[in-house]
Amino acid sequence: MIIPRVPIQHRRLLPDRRLSGPTPWVIAILMMLTLLAAAAGVGLARSANAIGSAIAGRVTVQIVTPNPVTRAEQAAALRRAAAAQPFVLSARAVDREELQATLGQWFGSADGDDPVLNSLPLPALVDIDFVGENRSRHMEQLRALVAAEAPGARIIPHAEWLGPVAQLIASLAWIAGGLVLLMTLASAAVVIMTARAALGTHFATIEMLHLIGATDRQITRLFQRRIAIDTAYGIALGSVVAAAILLLIGWQWAGITSGLAATASLGPTGWALLLALPLLAIALAALTARQTLLAALKKIL
């Protein structure tokens with residue numbers, strides 16, 4: 001006697017309450033943390049790349065001659081001589097007003113117009129950007145040029161004092177990427193435990209379905225749909241909360257226009273990655289649930 005297979009009505013076999021168990025809430029928390037960690041990692045990586053590109057071929061020549069007139073003359077002569085060299089991309093003399101404005105932030109004078117600052121013997125600075133990648137050769141040529149135009153001046157490569165900062169930021173970006181991976185694995189573990197718990201709770205129902213001729217794939221689709229719905233609710237909730245937090249941070253970040261913090265941004269690629277993560281998480285949860293259910297059903301039989 002052949003028992004006809006009838007369509008399985010999942011609503012009659014499994015409860016249809018939304019967000020009733022702990023799984024959606026745990027997934028929501030993990031999704032929120034995953035998106036925030038991914039955003040931090042992308043922002044830090046872009047910041048490290050921006051800083052690295054900015055400091056890779058830039059040096060500052062500091063002229064500390066006591067006579068202010070001589071300092072100004074040497075700075076002007078060095079700027080003109082450096083700008084004429086083929087290995088120099090650009091040469092710029094830093095104005096005294098710019099130095100005073102920068103120091104004014106430390107002395108409590110926002111505009112740098114302070115009697116104390118005006119009386120300070122500030123050095124003359126010339127920023128120089130190199131051309132190409134052979135920077136060691138360029139440094140040798142620049143030292144000879146500085147010795148001829150501004151004897152006693154100091155050459156300060158930006159990579160010496162900002163390089164460790166860029167490396168630290170890059171390390172933090174890798175740590176953020178590791179956190180994303182760990183939370184992805186944690187989410188998969190939650191889905192696995194949920195699938196196994198569902199099979200254990202509805203063991204009698206599964207036996208009945210087997211008796212009436214249901215296959216493992218049919219039963220898997222039944223439970224997979226229920227788990228996918230709960231997981232999708234959690235992912236959606238976590239994504240909305242993470243988006244609200246990122247929008248708030250982005251609104252506050254828009255006021256930062258200078259300093260290292262201004263180089264941190266998500267960019268189009270970063271936003272595309274953040275938008276793709278919830279969809280990838282749903283697909284991963286469905287695949288994990290399916291494989292877990294199929295493996296567990298084979299053991300039951």
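Tutor: Helices and strands are DSSP runs, a helix having at least four residues and a strand at least two, and they are numbered from the N terminus. Please keep in mind that this is a predicted model.

Student: What share of the residues in the protein is buried?

Tutor: A residue counts as buried when its relative accessible area is under 20%. The protein has 301 residues, and the buried share of them is 38%.

Student: Is serine 187 buried or exposed?

Tutor: Serine 187 lies in helix H7, which spans residues 158-201. Its relative accessible area is 18%. Because the cut-off for burial is under 20%, serine 187 is classed as buried.

Student: Which residue has its backbone oxygen 2.9 Å from a polar atom of the side chain of serine 187?

Tutor: Residues up to four places away in sequence are set aside when the contacts of serine 187 are listed as Ile27 and Leu30. The 2.9 Å distance is a separate matter, as it runs from the side chain of serine 187 to a backbone oxygen, that of methionine 183.

Student: How many aromatic pairs does a search of the whole structure find, and of what kind?

Tutor: The search of the whole structure finds one aromatic pair. Phenylalanine 87 and phenylalanine 130 form it, with 6.1 Å centre to centre and 50 degrees between the planes. Planes under 30 degrees apart would count as stacked and over 60 as edge-to-face, so the rest are tilted. The pair is therefore one, and its kind is tilted.

Student: How many residues apart are phenylalanine 87 and phenylalanine 130?

Tutor: Phenylalanine 87 is in the loop between helix H3 and strand S2, while phenylalanine 130 belongs to strand S3. Phenylalanine 87 is buried at 7% relative accessibility, and phenylalanine 130 is buried at 8%. The pair links distant parts of the chain, and the separation is 43 residues.

Student: Is leucine 172 buried, partly exposed or exposed?

Tutor: Leucine 172, found in helix H7, is one of the residues of a nonpolar patch on the surface with about 680 Å² of accessible area together. Its relative accessibility is 38%. Because buried means under 20% and exposed over 50%, leucine 172 counts as partly exposed.

Key:
Residues numbered from 1 in each chain as written. Predicted model: local features only at pLDDT ≥ 70, side-chain atom pairs only at ≥ 80, totals over all residues. Heavy atoms only, no water. Buried < 20%, exposed > 50% of the residue type's maximum accessible area, 1.4 Å probe, protein only. Polar contact = N/O pair within 3.5 Å; in protein donor to acceptor, adjacent residues only side chain to side chain. Contact = heavy atoms within 4.5 Å. Phe/Tyr/Trp six-rings, centres within 6.5 Å; stacked < 30°, edge-to-face > 60°. Patch = residues over 30% accessible without salt bridge, like charges linked within 9 Å, V, L, I, M, F, W, Y side chains within 5 Å. Areas by Shrake-Rupley, 256 points an atom, 1.4 Å probe, with all protein chains shown as cover. Salt bridge = Lys/Arg side-chain N within 4 Å of Asp/Glu carboxyl O.
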